[in-house]
Amino acid sequence: VTEYLDSHGIYYILCSGTMLGAVRHKGFIPWDDDVDIYIFREDFEKLKALAHEEREIPGGIKLRVPGDKEYVYPFIKAVNPSIRADDGRIIGDSCLWADIFPLDHFPDDTHEHKKYLRKARFLQAVLLLATYSWPHLKERGYTASLKGKIKVIAAKIIYTLMGGYKNIALKLDRMARELDGKYKSSKHVGDGAWPNGMNDYFHVDWVKPAIKREFEGHEFNIPARYDDCLTQFFGDYMTPPAEDKRQTHYLKAYRQ
């Protein structure tokens, strides 16, 4: 995937747990199970156009983009069709993936930032809760209480009223594009399509230029100022969390 990005002049950096894995473990965090990549919004739009033209990239990897049939997300996934990865979805045939997120400009004003996050995170929750299978919701603890069950039922109702995954994913993608355009001159960037919260954005000077760092025996781009990025996102990132706080995707993967 990164060779393909390089061949098209698309600047990328590893992000989130993948960046942390490169720094702390020289590979995957032992309890993690996917790959996260950032590219700037203009390159994200370029990659969407390339995906519509080519669909399959070297190595038999396929690109899934917002709006695709049976694809529920507002970001891009590069998937390996030869390896099934059951991630608990009731929509689509999930395969082993790398997530490619857009880096969008965020408002410098905290109030405006929080206002956007409330709207985006609400739509994320609707999309996730309405498209997880019941056994997967049980694994994540949503069926253990009346409050959790009510959240799931409410999400499914809102999901249906909004027209399902395609409308919601495209709405999140559009919101992020508009956010990037509105705040193009801001000093902060982050994932506008699938934000994790207030820590999931960075000063523009932190994400470029990149340096190479080992990940599972290969070298990939991470920001030269990775310490600033990881501290912003995780806090004391070199100290692993307690075992009961080590989150995973509950993934079951096997060759097809």
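Modeller: Here it is, and note that this is a predicted model. We can begin with one serine. Buried means under 20% relative accessible area. Ser 94 has 15% relative accessibility, so Ser 94 counts as buried.

Biologist: Where does Ser 94 lie?
Modeller: Look at the strands on either side. One is strand 5 (76-86) and the other is strand 6 (95-106). Ser 94 lies in the loop between strand 5 and strand 6.

Biologist: Which residue has its backbone oxygen 2.8 Å from a polar atom of the Ser 94 side chain?
Modeller: Leave out residues up to four places away in sequence, and Ser 94 touches Arg 84, Ala 85 and Asp 87. The backbone oxygen at 2.8 Å from the polar side-chain atom belongs to Ala 85.

Biologist: How far apart are the end C-alpha atoms of helix 4?
Modeller: Helix 4 has 22 residues. At 1.5 Å a residue, they should span 32 Å. The model agrees with that, as the end C-alpha atoms are 31 Å apart.

Biologist: Which residue caps the N-terminal end of helix 4?
Modeller: Find the backbone nitrogen of His 111. A side-chain oxygen lies 3.2 Å from that nitrogen. The capping residue is Asp 109.

Biologist: What covers the buried residues of helix 4?
Modeller: Those buried residues include His 113, Leu 123 and Val 126. The cover includes strand 6, helix 5, helix 6, helix 7 and strand 8 (201-203).

Biologist: Is Ser 133 buried or exposed?
Modeller: Ser 133 lies in the loop between helix 4 and helix 5. Not counting residues up to four places away in sequence, Ser 133 touches Gly 88 and Ile 90. The relative accessible area is 17%, and the cut-off is under 20%. Ser 133 is therefore buried.

Biologist: What length does helix 6 reach from its first C-alpha to its last?
Modeller: Helix 6 (residues 146-161) has 16 residues. At 1.5 Å a residue, 22 Å is expected. The model is close to that, at 23 Å.

Biologist: Within what arc do the buried residues of helix 6 fall?
Modeller: The buried residues are Gly 148, Val 152, Ala 155 and Tyr 159. An α-helix has 3.6 residues a turn, so residues three or four places apart point the same way. In helix 6 the buried residues line one face, because seen down the axis they fall within an arc of 65 degrees.

Biologist: Which residues are exposed on the other side of helix 6?
Modeller: First recall the buried side. Its cover includes helix 4, helix 5 (134-139) and helix 7 (165-182). On the other side, the exposed residues are Leu 146, Lys 147, Thr 160 and Leu 161.

Biologist: How many disulfides does the structure hold?
Modeller: Take Cys 229, which is buried at a relative accessible area of 3%. A disulfide needs cysteine sulfur atoms within 2.5 Å. For Cys 229 the nearest cysteine sulfur, that of Cys 15, is 9.8 Å away, and Cys 229 is in no disulfide. For the structure, the number of disulfides is 0.

Definitions and conventions:
Residues numbered from 1 in each chain as written. Predicted model: local features only at pLDDT ≥ 70, side-chain atom pairs only at ≥ 80, totals over all residues. Heavy atoms only, no water. Helix = DSSP H or I, 4+ residues; strand = E, 2+ residues; numbered from the N terminus. Buried < 20%, exposed > 50% of the residue type's maximum accessible area, 1.4 Å probe, protein only. Polar contact = N/O pair within 3.5 Å; in protein donor to acceptor, adjacent residues only side chain to side chain. Contact = heavy atoms within 4.5 Å. Expected span 1.5 Å × (residues − 1). Arc of directions from axis to C-beta.
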